[in-house]
Amino acid sequence: MADLAATAAAMVRPGKGILAADESVSTMSARLERAGVAPTEENRRAYREMLVTTPGLAGGVSGVILCDETFRQRVTGAATFPQALAARGILPGIKVDTGARPLAGRPGETVTEGLDGLRERLAEYARLGAAFAKWRAVLRIGAGRPSPQALRANAHALARYAGACHEAGLVPIVEPEVLMDGSHSLRECAEATERALRAVFAELAEFEIGLDAVVLKPNMVVPGGDSGQVAAPDEVAGATLATLRAAVPEAVAGIAFLSGGQGAAQATANLAAICARPAPWPLTFSFGRALVDPALAAWRGEAARLADGQRALAHRVARNAAALAA
Ligand code: 5MM
């Protein structure tokens, strides 16, 4: 466990965050199509190669999360993606859940699946070079939601996943995402997030998971996207840290926020406000869209625009790394 705690500490070390480039094949294909790029296996590979070979990426990124397809692909020059990341001093991570599926008896709610065969898959990913893994639970705010049943089912799966990761020698990123979708208030987001985190840490305690080798990836506490409310970064920071303090044990190795569909600049401003306040855990980012959307828009699948895409990613990484030191 000492090695795992050291890896977890390296993932959240000062001035660095985690790049979430683990979109599933269907999500990535849809994003490429929206950007005018044909959604082929080769274009998904080329896009991820553009990201991970960005000059200086290791200056602000401690780890990159990949999906199964990318993990088995190669960058130009024959190294696999995990080998290419390790050569750059970046920890390779792998998304190991198989997605959110409808939860029986709870219309509109999901449970994230992927426990079947997980031990064998984790062992293979470890052999292929993974240092850490990620599993994302998806929770919605609405009438009666998230329900106690959805909270418990997802928390139980996250705890079993975390235990399996530790057995395989991987650090688990535990991601219970309360979606921004909806018209809920910031207060309702805070309440739902606190309930979600309490459920997760109750299950992690039940399974005796060593928290010094766990990185938590929560949402920030923000009003729903359709609420019409706008929360200033200081209000987001206050509500986010109050919620985390109420539900997250101090023993957790670190907290890496997701961006959740916030605009890139907004996510960075909120991150900076959160990091400006004292907290008992290392705080950082594990953004997907807020890091890569500008890079995809700049690249557009054209080899001649590769450097533009990389500059866009490097810019967002630098802004977020600077936010950590706010
Ligand atoms: C990059 O997207 C991840 C997985 O996407 P799928 O839904 O296709 O599996 C996702 O888990 C991501 O890591 C987190 O939600 C954080 O991403 P954002 O864009 O919210 O920061």
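A: Start with a contact: Asn 43, Ala 46, Tyr 47, Met 50 and Leu 51 in α3 meet Val 292, Ala 295, Leu 296 and Trp 299 in α11. This is a predicted model, where local features need pLDDT of at least 70, side-chain atom pairs count only at pLDDT 80 or more, and totals for chains, interfaces and linings use all residues. Residues are numbered from 1 along each chain as its sequence is written, and side-chain values use heavy atoms, with hydrogens and water left out.

Q: What makes the meeting of α3 and α11 a contact?
A: Contact means heavy atoms within 4.5 Å. The listed residues of α3 and α11 meet on that basis.

Q: What classes do the residues of the contact of α3 with α11 divide into?
A: Eight are nonpolar, one is polar and none is charged. Ala, Val, Leu, Ile, Met, Phe, Trp, Tyr, Cys and Pro count as nonpolar, Asp, Glu, Lys and Arg as charged, and the others, Gly among them, as polar.

Q: At what angle do helix α3 and helix α11 pack?
A: Helix α3 (residues 41–52) and helix α11 (residues 289–299) pack at about 115°, axes 11 Å apart. Axes are lines fitted to C-alpha atoms, for helices over the stretch in contact; angles run from 0 to 180 degrees between N-to-C directions. Helices (H or I, at least four residues) and strands (E, at least two) are DSSP runs, numbered from the N terminus.

Q: Which residues lie closest to the centre of the second largest pocket?
A: That pocket has a volume of about 180 Å³. Val 12, Pro 14, Pro 282, Leu 283 and Leu 324 are the closest, of 16 lining residues. The lining has eleven nonpolar, two polar and three charged residues. A pocket is an open set of points on a 1 Å grid over the protein atoms alone, where a 1.4 Å probe fits, with protein on both sides within 12 Å along at least five of seven lines; lining residues have an atom within 4 Å of a point. A volume is the space filled by probe spheres set on the points, which are joined across faces, edges and corners.
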